[in-house]
Amino acid sequence: MAISLNVNGETHEIDVDPATPLLYVLRNDLELNAAKFGCGLGQCGACTVVVDGEAVLSCVTPVSLMEGREITTVEGLGTIEEPGPLQAAFMEMQAAQCGYCIPGMMMSAHALLRKNAEPSDREIRDALMTNLCRCGTHMRILAAIRRAGELMQQASAPTERRAG
Amino acid sequence: MTIIPKDEFNTQGRNGITRRSVLVGTGALIVSFAIAPHVSAQPQPAPPAAAPEPPQLPGSLNDTRRLDSWIRIDAEGEITVFTGKVELGQGIKTALRQVAAEELEVEPGEINLITADTGRTPDEGFTAGSQSMQNSGTAIRNAAAQVREILITEAARRWNVPRETLRAEAKSIVAQDGRTIGYGELVTDQLLAVEAQPESLLKSPDKLRVMGQSLPRVDIPGKVTGGVAYVQDLRLEGMLHARVVRPPSPSAQLQEVDTAAVEQMPGVVSVIRDGSFLAVVAEGEFQAISAMRALQQAARWTEQPVLPDQNNLQAFLEATKGDIGTVAEEGSPEVTGKIFEATFRRPYQIHGSIGPSCAVAHMDNGQLTVWSHTQGVYPDQEAIAEMLGMDIAQVRVIHMEGSGCYGHNGADDAAADAALIASAVPGRPIRVQWMREDEHAWEPFGPAMLTKIRAGVGDDGRITGWNYELWSNLHSSRPGGAGNLLAARHRAQAFAVPAPRFNISQSGNGDRNANPLYVFPNRRVLWHYVPETPLRVSALRALGAYANVFSIESTMDELALLAGTDPVEFRLRHLEDPRARAVVERAAEEFGWSSGAPKGDRGRGFAFARYKNHAAYLAVALELELERETGRTRVSRAVAAIDSGEAVNPDGIRNQTQGGIIQATSWTLFEQVTFDNTRVTSTDWSSYPILRFPSAPDSVEVHVIDSPGQPFLGTGEAAQGPTPAAIGNAFRQLTGVRLYDLPFTRERVKQAIGV
């Protein structure tokens, strides 16, 4: 079945079994690396992407439900040359060990920060409830998300404030 | 004390394996070289009769002795450094570049680093036991310093000036009169094709520019922007997707399976059955998964109820008829004074990598290439060749990162799966991705353990004697030996599981850290070896140190109470090593130990160990909060001090240590493998919960005590032992009740405090 997918602002025509979870389409058909396979059960958050502004577990979301929706992955946040605020913050805080869970963390955080640029510690932890990290990088992930919120606010602040 | 200086985690290379490098580039020097120059690639003159023992060289140089096995410089001055160690998320790619750049007087970004690949790099065995900096870091640092001095000598020869007048700077040798000559111009022919020397002119600690700096990790930018970072991301031309249908239980044998319907499913290329090994190969990944599910339905297995009683692992461990090893013996085993006696228990636990194991293998004209996140490419190469009956030279294993492993997880098995399937479906690359339930049920577990302590304090407030016994499997079942690969065990022509060899080693295994570093006159430490392995077990971060330090440091707090002494003071009273004392004092000071216990439903606890009794020193103080109605506990604040010797990347040490504290907290509060008499029942994250963000601490501080000029000390596992003990001690301080059984589940907590 042919499906039209909008991913990171680009439209792709995909011919795929409609039951296929979005994750495999992103990784194999579109060759996007960031969303990761972790459990296939919606329990660990490694596959998290943002769909119409909400964090979605792509490993349990059939691609057939994605027609006409706006999908964002970590690749849509910026590039290695021009990283977006979340990416810059994770680099600045060195918020990774193995890094496998990190793209999922970033997408959960992206959904949160779009709605609330100054989340409380509690709100960040709640937003990351589904996302598992096994290396124990939790403190740095929390710090990176707070830092990303600051960077986003600086970016949207009036020029004179930034200059000051 | 019986000491066999052979670590289970030995990372020494094995003699006799010689590999020609794969030719890369066309630089002047890159012709060919021997990986293991015990047997050089070049014809060598016969050694004189009764040749003297070769001198001991620093770190892994002792096994791979030629400089150009480690460092090569081409005509353009491009520098390539080779390590047999692998990136596991511990930051080794960054730290090794720092070490090489420091001694070569270049920038870290100018170092091209090649990690473990049987076609290119030295054989450094496994990346395990927190030994990468000790072994590979030491080798590379010494090799880099010797290369620098060779380049200076060569420039001096060409210019005919005293070498003392020259210095290395920015990839060049610089003379006093300002003349410069680039490294690439100096390196010709066989200049670096020489054996390393035992002594190197290392830069003195006050001259270091790159080492000791918290350089950002080189791998993080790619990982946070969607780069190809893991073997899971490898996409080769024509690649097929495979899934393995694992047996439902450790004892299960495949009785029958009708594969006809599955073979007709969309995209299915092949169904492979070999004994109890069952797998499917398909064009698409989801097609492979769908076919795997159908095969699971079609397969009929016979199973045996061979697993021990999960609720009475103590009986299983104590019933063993295995050997008893003496780990330490000093003075009399009699214990006098006020006595503390206890039994501690640890369950089976998993590594629980977030990304299940994955591998890609390609059989191309009889030549097999395997990309794997294994910790040991050379042992894996040997085991895979044995499994497939191939010549070792026909198998190449290349490391590519996976998700963090924390020891021996499913990596080697996934590599073997891919290799076996690729040999059945040659010509196209085969990608095997384990499912979550494969990893949870089939990775080798960290073994269950039982420990018993009887110790006393005298009227002088000092420990009189220490009688400690532990019951444990060996914590290592890594390949070599094809029998340690699941696929090889499950084939019709099955390879037998190699019997592990029990011994007492300097670094310890089940008995790792079983002998306390504290000074007192009488001690006896015994290991009751448990050879029976109804559940497959192997190395989980820190091996026996997790349960042993938990037991020892819980006991230290109880003895301090019997002595009427503050637990930090009590530890210092029994520590003579000044570096041990320094981390204890620093952790206590940074935590604010002297200001007394916290108020309300918070307790505080302290613990210390020197990992393996010869690696990094670590002390941790922490606060534990308790919600009495629910039994929920949380570490709210942890403060650690660590001495890893000369600190190459202090932030890397902090990152790993923070991670160790949080991971060990997760083990301690939440984790145990569950099983009935036949099957493992903890097969996902709901049946095997781990720490989630709401249970993460408010803060985890790590203070790195730098020891300039001292050897690198293994860091990555140092927090695993002290953390559970500090948590148990905090619970004891808060409630007056000691917890003996790991993990401290809500049920156990409620039972302990009578809720």
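**The interface and the cavities**

Guide: The contact, meaning heavy atoms within 4.5 Å, takes 64 residues from chain B and 53 residues from chain A. The model is predicted: local features need pLDDT of at least 70, side-chain atom pairs count only at pLDDT 80 or more, and totals for chains, interfaces and linings use all residues. Residues are numbered from 1 along each chain as its sequence is written, chains are lettered from A and ligands numbered from 1 in the order in which they are written, and side-chain values use heavy atoms, with hydrogens and water left out.

Visitor: What area is buried between chain B and chain A?
Guide: Buried area is the accessible area (1.4 Å probe) that two parts lose on being put together, summed over both. Carbon and sulfur atoms give 58% of the area between chain B and chain A. The total is about 4700 Å².

Visitor: How many salt bridges does the rule find across the interface of chain B and chain A?
Guide: Side chains of opposite charge can pair when their charged atoms come close. The rule asks for a side-chain nitrogen of Lys or Arg within 4 Å of a carboxyl oxygen of Asp or Glu. Arg140(A) and Asp651(B) meet in this way, at 2.9 Å from N to O. Across the interface of chain B and chain A, the number of salt bridges is five.

Visitor: Which element gives the most residues to the side of chain B that touches chain A?
Guide: Helices (H or I, at least four residues) and strands (E, at least two) are DSSP runs, numbered from the N terminus. On this side of chain B, the elements giving two or more residues are helix H4 (220-223), helix H6 (285-298), strand E17 (430-433), H15 and strand E24 (699-704). With eleven residues, the element that gives the most is H15(B).

Visitor: Which residues of chain A does Arg692(B) touch?
Guide: Arg692(B) lies in the loop between H15 and E24 of chain B. Residues up to four places away in sequence are not counted, and Trp685(B) is among the residues that Arg692(B) touches. From chain A, the residues touched are Gln43(A), Met129(A), Thr130(A), Asn131(A) and Leu132(A).

Visitor: How much space lies in the largest cavity?
Guide: Rolling a probe the size of a water molecule over the atoms shows where empty space is left. On a 1 Å grid over the protein atoms alone, a cavity is a set of points where a 1.4 Å probe fits but cannot get out, and lining residues have an atom within 4 Å of a point. Grid points are joined across faces, edges and corners, and a volume is the space filled by probe spheres set on the points. The structure holds ten cavities of 30 Å³ or more, and the space in the largest cavity is about 740 Å³.

Visitor: Which residues of the lining lie nearest the centre of the largest cavity?
Guide: Helix H1 (92-104), helix H2 (132-159) and helix H15 (650-670) of chain B each supply at least two residues of this lining, and the largest share, five residues, comes from H15(B). Of the 48 lining residues, those nearest the centre are Gln90(B), Ser130(B), Gln656(B), Thr715(B) and Gly716(B).

Visitor: What is the phi of Ser130(B)?
Guide: Ser130(B) is found in the loop between strand E3 (111-114) and H2 of chain B. Although Ser130(B) is not a glycine, its phi is positive, at about 55°.

Visitor: How do the residues of the lining of the second largest cavity divide?
Guide: This cavity holds about 80 Å³ of space, and its lining includes Asn513(B), Tyr518(B), Glu553(B) and Arg610(B). Helix H12 (545-563) and strand E21 (602-610) of chain B each supply at least two of the lining residues. Ala, Val, Leu, Ile, Met, Phe, Trp, Tyr, Cys and Pro count as nonpolar, Asp, Glu, Lys and Arg as charged, and the others, Gly among them, as polar. The residues divide into seven nonpolar, three polar and two charged.

Visitor: Is the peptide bond from Leu742(B) to Pro743(B) cis or trans?
Guide: Pro743(B) is placed in the loop between helix H16 (722-735) and helix H17 (746-753) of chain B. The bond from Leu742(B) to Pro743(B) has omega near -5° and is cis.

How values were computed: 1 Å grid on protein atoms, 1.4 Å probe; cavity = no way out; pocket = protein on both sides within 12 Å on 5 of 7 lines; lining within 4 Å.
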